[in-house]
Amino acid sequence: MSLSPAEYTGFSVLDILTGLDCRDFTARDVAKAAIATIESLEAEHVGAFISLTPEMALKAAGNVDGTCVSGASPFEAGLLAGVPIGYKDNMNLLGSRTTCASRMMENYESMVNATCVSKTLAAGALPMGKTNLDEFAFGSSTETSAFKTTHNPWDLTRVPGGSSGGSAAAVASGMLTVALGSDTGGSIRQPASFCGVVGFKPTYGVVSRYGVVAFGSSLDQVGPFGRSVADVALTTDAMCGHDVRDSTSQNIDPTYYKSVLAGQREGIKGMRVGVVSEYLNAPGVTAEVTAAFKEALQRVEDLGAHIVELELPHAKAALSAYYVIGPCEAFSNLSRFDSIRYGYCVPDATTMTEQYERSRAEGFGPEVIRRILLGTYLLSSGVYDTYYYPAQQVRTLITQDYHSAFEQVDVLLTPTSPRTAFAVGEVSDPTTMYLSDIFTIPINIAGNGGLSLPIGLGLDSGMPVGLQIIGPQFKDSNIMRVAAALEATYDIPRLAPLVQELSNTPGGDAR
Amino acid sequence: MHLTTEAVRELAFCARIELHDEELPALTRDLNAIMDSLEPITHFELDEVEPTYHPIAGLVNVTREDVAKPCLTQQEALSNAPFTQDGQFKIPPILADAGGTR
């Protein structure tokens, strides 16, 4: 029995669980098909991975098969039994390096399993490798990675978005069934939108960040990528909940998949869906994104939901609040890279200060240095009172905006990003790059959950467009329900067609 | 303008990042452009508005019981260190350190 890459890349999580349950194939078959798919697509085309862990995947598959042989259903072996998964390379996985796509951490061997890693492994997932990202997750295109450029599987000349671009590209190309990312200002939702897959940032506090290298501690949240809302929900169910090692993590019932089923069965008739019209006048919103967004709104109405026009008066300050808060928290978090306990170190410094200065200058890339210096400046005496403290006050106003919005509606809809994926090298100015996250950043400021759902291809670029569905804090069930109902109205491929063709060429047989 | 090249050099020293003279002009320009884009934050009427430091309302301090738990062994803790000696992290001399490349 074996699986071809063409079969494997079409599988959802439930397809794998059902196939294992019916003994149509084994978890080792799935692992081998995933390895073969990665071999045919990764090196020459997509470049989604920083490191690969095929031996670990085969071993995990053997464990799943062992459980199944003993008569248990794979559903008992775990929600992700036999499901190939990838981890963003800022997540610690024992037996792998955790590089953060930085020279600073190039040789860092993971000392622990991050909680999101250990929980998904306990659920039976097969760890295929560590995915590329913008260095330390600072970026929106995955171009600031110190190691490689990841290409968008829909058009290899374009970026996959970022910072979790490797995870998004690996799922869109079929190399992985699901993948994890982290989202500080849009780093899951924006690449999901650019690569035409589903990406979900749960409410802050749903998934433990223990073992994930911190960027902005009051903003960071872990979440999944998948080719369907159901896959993303099952992955979230497998890893949500309280963890004593992350004091912000909350007791969450794993009912994400249940909410998807509710959306599929009962629809969204009567639900109240909020829209902020002035968002479409925001800088850089392209005509094709506006068109796809309006069409999605029509579908929401056709499903019987009520569209409610809303205002979020302080949302326009969110971008500037974010670029105050983010660099300040990053400055603080990145002070730990001291060249002593771990990380890059120049070998020939004669004083401690020289070792710090040269190691950090050579270990960090330009965008990381920019943000550290920005944070240093913003937290300096005098400047603090003009920017940092007001940014925290503005955060209160933005949060209040969302609270009052969610008194009137069950979810809010925006485009995920103002435009579709841009070409590699096209955007080099940092302030322009930052604008690609104008719709996702406010949600991290307020702490709500947000999901990017593919809503077709842009009429001009031919690249995927994403719809962002935002829910009230800790009511991500609303998001899942609307996403599942709306997803059912679209008939669009989640696998990038170009890569589908490549994976059907010879050399795809599992070894 | 928010920052001169001299001010950026000073910030880099505070953050312990070595910068060469030729890197300073472009970096100063980028940082000033970013600072300009942060301008909206200074335009709000914020008297009496409380700050929000994290998104979970009502969450204050979270503590655990003060009980010792297993942790990394000495060998594990040293395993990623660039330089070690006699079971310890090895660093350059600090007493003779006159303050680096400032």
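Predicted model: local features only at pLDDT ≥ 70, side-chain atom pairs only at ≥ 80, totals over all residues.
Which residues of the largest nonpolar core touch the most other members?

## Nonpolar core

The largest nonpolar core holds 186 residues, and those touching the most other members are Cys116(A), Phe136(A), Phe364(A), Leu373(A), Leu451(A) and Ile469(A). Helix α15 of chain A, spanning residues 383-408, supplies the largest share of this core, with 10 residues. In soluble globular proteins, nonpolar side chains tend to be buried together.

The surroundings of Ile469(A) can be listed individually. Residues up to four places away in sequence being set aside, Ile469(A) touches Val411(A), Leu412(A) and Leu413(A), then Gly449(A), Gly450(A), Leu451(A) and Leu453(A), and also Ile479(A), Val482(A) and Ala483(A).

## Arg358 of chain A

Arg358(A) is part of helix α13 of chain A, which covers residues 352-363. Its relative accessibility is 16%, and because the limit for a buried residue is under 20%, Arg358(A) counts as buried.

Apart from neighbours within four places in sequence, Arg358(A) is in contact with Val346(A), Asp348(A) and Ala349(A), as well as with Glu18(B).

## Helices α1 and α2 of chain B

In chain B, helix α1 (residues 5-14) and helix α2 (residues 24-37) have axes that come within 9 Å and cross at roughly 90°. The two helices, α1(B) and α2(B), are therefore roughly perpendicular to each other.

On the α1(B) side, the contact is made by Thr5(B), Val8(B) and Arg9(B); α2(B) contributes Leu24(B), Pro25(B), Leu27(B), Thr28(B) and Leu31(B). The residues of this contact comprise 5 nonpolar, 2 polar and 1 charged.

Technical notes
Residues numbered from 1 in each chain as written. Chains lettered and ligands numbered in written order. Heavy atoms only, no water. Core = buried A, V, L, I, M, F, W, Y, C linked by side-chain atoms within 4.5 Å. Buried < 20%, exposed > 50% of the residue type's maximum accessible area, 1.4 Å probe, protein only. Helix = DSSP H or I, 4+ residues; strand = E, 2+ residues; numbered from the N terminus. Contact = heavy atoms within 4.5 Å. Axes fitted to C-alpha atoms, helices over the stretch in contact; angles between N-to-C directions. Parallel < 35°, antiparallel > 145°, perpendicular 65-115°, else oblique. Nonpolar A, V, L, I, M, F, W, Y, C, P; charged D, E, K, R; others polar.
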